[in-house]
Amino acid sequence: MKNQDLFNENRETFVALNAKTFVVTPNLPEVLSPLLAIANNMWWCWNSDAVELFRRLDRDMWEETYHSPKAILGMVSQERLEKLAEDDSFISHMERVKNELDKYMTMNTWFHDSCSDGGDLKFAYFSTEFAIHESIPIYSGGLGVLSGDHLKSASDMGLPLVGVGLLYRYGYFKQFLSFDGWQQEEYSENHFFRMPLELIKDNDGNVLKIEIDMGRQKVYARVWKLQVGRVPLYLLDTDFDANPKEVREITGQLYGGDRDMRIRQEIVLGMGGIRLLKALGIDPSVIHINEGHSAFLLLEKMRELIEDKGLSSDEAFQIVKSSCVFTTHTPVPAGNEMFYSDLVVKYFEPLYKKLGLTKENFLSFGALTPKEIKPTVPANFSMTILALKMSNKANGVSRLHATVSRDMWSGIWPELPKNEVPITHITNGIHTNTWISYEFAGLFDRYLGSSWKDEPADQTIWQRVSQIPDAELWRSHERRRERLVSFARARLKIQLMRRGASQKDITNTEEVLDPEALTIGFARRFASYKRGTLIFRDLDRITKILTNKEQPVQIIVAGKAHPQDNNGKELIKQIVALSKTPELRHKVVFLEDYDMNVAHYLVQGTDIWLNNPLRPEEASGTSGMKAAVNGVINFSVLDGWWCEGYNGDNGWIIGSIDQYPDREYQDEVESTAIYETLEKEIIPLYFNRGQDGLPRGWIKKMKTSMQTLGPVFNTNRMIEEYTKRFYLYAASEHEKLKKDNFSLAKKKAVWLKNLVGNWNNVKIVSSQDNAKDEIRITSDMTVQAKIRLGAIAPDDVSVQIYSGYLDSIHRISEASVDEMRLVSKEGENYIYEGKVKTDKVGHCGYTVRVVPQYFGEVQQIPELIKWASEEDMAG
């Protein structure tokens, strides 16, 4: 039975019951009431003392509920609760944790201390998935984990931020493998009332319902709140009886369904998300669009301003653009969300008419250039392009990814040099407290001091890692590896039992893996570009490495393929087949259903974290960052974050930055590099033990890795960057445009309309300079340009000299931009003059360009840039 059919069958059964509903809550003795307050704030999941408190309720039940405090409080017997109510040790533990939570919620924070002039700000963070904890499975992978870590650090640092997402009835699929290793998917229902979720009510005490226009249909969504420390995360849910069956399914599955389902999900997320904020009285100063799925919110904000404030569409555009920032996560065009224009028109025709736009104007928001829109040809409407065109700031998630993104989306600004395309980078990070092992957290408390938890971006704190005794660090790491091996054996046993394996194979799981062997971890989404089977390319060579009895090595693999990605499923099947061979059955293990829980064991217990994507197709990656803070050493292609993280001493690289057109050759070169590095560097270093049995060289590399990567690749540093570079800037711009009944927004709309209407009349009439054929370095060269602006005022443009090295076809590279100043006017022409400092030796050149500026700040507006022609430069 197909998953969607199963969903439908379950839903029909549920509807047919027509039962009266009620909610049962835990009946706790009064003295234990603080347990519910702690359980209802996800702060507990990054506080090890709180985790241990709930584990004490019932250790077996803790595992059975998949580490859910709210669920376990509803399942533990009344007899057990009464006994705990009389246990002084437990009561003391509970009160200590509750006091910690109260202190956390009221203490001063980084934002309070560093951004006290921020005024009454509020930031809204939209994402299609959030991974807060494994017991709330509404996430798929890296995007969700990053979103969850973003909220946690925003909470730690005291940002006035709210999250907005969707609450999926069936979440993302659970993975299990058939006997031959082929991935199967199943969907388990999320029971919202067993989760730490609050169903939001209106002022009359009724369930709050958000009305969303979906084409000509009305859709209703409930709102649930998940408290993540200081940050509320609001989640929309359409699966209730106010909606017909086809609407209830909208929030059924994450990344499920066809294109029609996806666009409806994204309408609920984006447009419904804005309406829920309005219903709650939250008027965000800045909205952060995390990936393009929620970008329809930009259109809803425009509608809101037009209908509520009486603004024109041009004026509303300026206000919306000033207050929104956008993060793109995908380095390949095919991975960005796109919809056929006829599907977009189906759902948005009533809206674009309200906005006062024609169909062509509306579709141009999501098109590469307006020329792409042809009424007879359905063009793709790109959510990424919509977000880029309507955001104040945009970023990629690593330095390399930003470079790739500027190249990929340069068509939006077709005449702008690619290095000036307005996409910067803010590199991802991790929430250290979430991902650090219990053992390493204890080590850090003893030797780094407790401040590492509150200030993980402080370099001086991480330098104290050198003070941790080698023997103590190694023992802690070995304990984590032992726990990983024990976890893997238990999980493998369950997997084999479910597949119907023989009793012999099930019993043999006790011998799988060696707690003392060098353990390589590889866990990530099984997409082709991530090359999950690269290390097995030369089977004879890797088998020889893995079966060396003197220097044992083993590999643990985990990851899901998208349900429709048969190529990814085939890679998983190949690894499972290898794990069954006599030579490798104890050396290679594939763990099913990779999620946050499995990830914790892997990033905390392996020795090497392997990452071998095709460069530059990994936007950032964060699993290696999680491994690093746990003393696991990275072994990776120079892609994503590792380009910034690797310093030559804190890990290993695979190959070089060379990219070959032949994929087979690329795989051959880099798989060979993996084997050679393992054989010549990694394995010898790991097994080089002193008389005390310690691998001192390896431990030194572990410490270097933690010291150099820990303080940089964390979400506290990331949040500080977003706040200072994006949020505060956008909030200031937004406030300026809002003042005095949006007077500046109205003026800017008029300015832009005049600019667009008259730009074709801008002409660089001529340009001349005082240079000879050769100029001495550091000499000043004077350039004079004659510019015709027509109806555009000189204050509305910036005239610039663009200079640098010149190649054989007269392209300028390593360019410098020098502002020219207005010196006079001759008739209808303006005379500008500027100087170029000749600081480069070699074949150089320059040209002149005109770009828009508003109140002295250059504006990068699609298609508004004028370059001097060859005739203009001839004077």
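# Reading pairs and surfaces in a predicted model

Modeller: A search of the whole structure, which is a predicted model, finds 39 aromatic pairs.

Colleague: Why is the pair of Y660 and Y665 called edge-to-face?

Modeller: The ring centres of Y660 and Y665 are 4.9 Å apart and the planes stand at 80°. Rings pair if their centres lie within 6.5 Å, and planes over 60 degrees apart count as edge-to-face. The pair is therefore edge-to-face.

Colleague: What makes Y660 and Y665 partly exposed?

Modeller: Y660 has 31% relative accessibility and Y665 has 43%. Buried means under 20% and exposed over 50%, with partly exposed in between. Y660 therefore counts as partly exposed, and so does Y665.

Colleague: Which residues form one aromatic cluster?

Modeller: The cluster is made of F296, F317, F339, F348, Y352, F362, F365 and F381.

Colleague: How do you know that the charged end of R230 sits over the ring of Y104?

Modeller: The charged end of R230 is 4.1 Å from the centre of the Y104 ring. The distance has to be within 6 Å, and the charge within 35 degrees of the ring normal. R230 is listed as sitting over the ring of Y104. Another case is R689, which lies over the face of Y686 at 4.9 Å from the ring centre.

Colleague: Why is I683 called buried?

Modeller: The relative accessible area of I683 is 6%. Buried means under 20%, so I683 is buried. I683 is found in helix α29, residues 663-687.

Colleague: Which residues is I683 in contact with, leaving aside its neighbours within four places in sequence?

Modeller: They are L518, I545, Q551, V553 and L678. L518 is 165 residues from I683 along the chain, yet the two C-alpha atoms are separated by 7.6 Å.

Colleague: What makes β16 and β17 a pair of strands?

Modeller: Two strands pair if there are at least two bridges between them. Strand β16, residues 553-558, and β17 have four bridges, in the parallel sense. The chain crosses from β16 through helix α25, residues 566-579, to β17, and this β-α-β crossover is right-handed. V557 stands opposite F590 in β17.

Colleague: How do you know that both faces of strand β17 are covered?

Modeller: On one side of β17 (residues 588-591) V588 and F590 are buried, and on the other V589 and L591 are buried.

Colleague: Are D593 and D740 buried or exposed?

Modeller: D593 has a relative accessible area of 12%, so D593 is buried. D740 has 67% relative accessibility, so D740 counts as exposed.

Colleague: Where is a cis peptide bond found?

Modeller: A cis peptide bond joins R615 and P616, with omega about 5°. P616 lies in the loop between β18 and α27.

Colleague: Why is the contact of R55 with E52 called a salt bridge?

Modeller: The closest N and O atoms of R55 and E52 are 2.8 Å apart. A salt bridge needs a side-chain nitrogen of Lys or Arg within 4 Å of a carboxyl oxygen of Asp or Glu, so R55 and E52 form one. Both residues lie in helix α3, three residues apart, about one turn of the helix. By this rule the count comes to 59 salt bridges.

Colleague: What makes the salt bridge of D607 and R481 a link between separate parts of the chain?

Modeller: The side chains of D607 and R481 meet at 3.1 Å, N to O. D607 lies in the loop between α26 and β18 and R481 in helix α22, so the pair ties together parts that are 126 residues apart in sequence. D607 is buried, with a relative accessible area of 0%, and R481 counts as buried at 1%.

Colleague: Which residues are linked in a network of salt bridges?

Modeller: The network links E211, D213, K218, R275, E300, R303, E307 and K354.

Notes:
Residues are numbered from 1 along each chain as its sequence is written. This is a predicted model: local features need pLDDT of at least 70, side-chain atom pairs count only at pLDDT 80 or more; totals for chains, interfaces and linings use all residues. Side-chain values use heavy atoms; hydrogens and water are left out. Rings of Phe, Tyr and Trp (its six-membered ring) pair if their centres lie within 6.5 Å; planes under 30 degrees apart count as stacked, over 60 as edge-to-face and the rest as tilted. Buried means under 20% relative accessible area, exposed over 50%, partly exposed in between (1.4 Å probe, protein chains only). Helices (H or I, at least four residues) and strands (E, at least two) are DSSP runs, numbered from the N terminus. Contact means heavy atoms within 4.5 Å. A crossover is right-handed if, with the strands pointing away from the viewer, the path from the first strand over the helix to the second runs clockwise.
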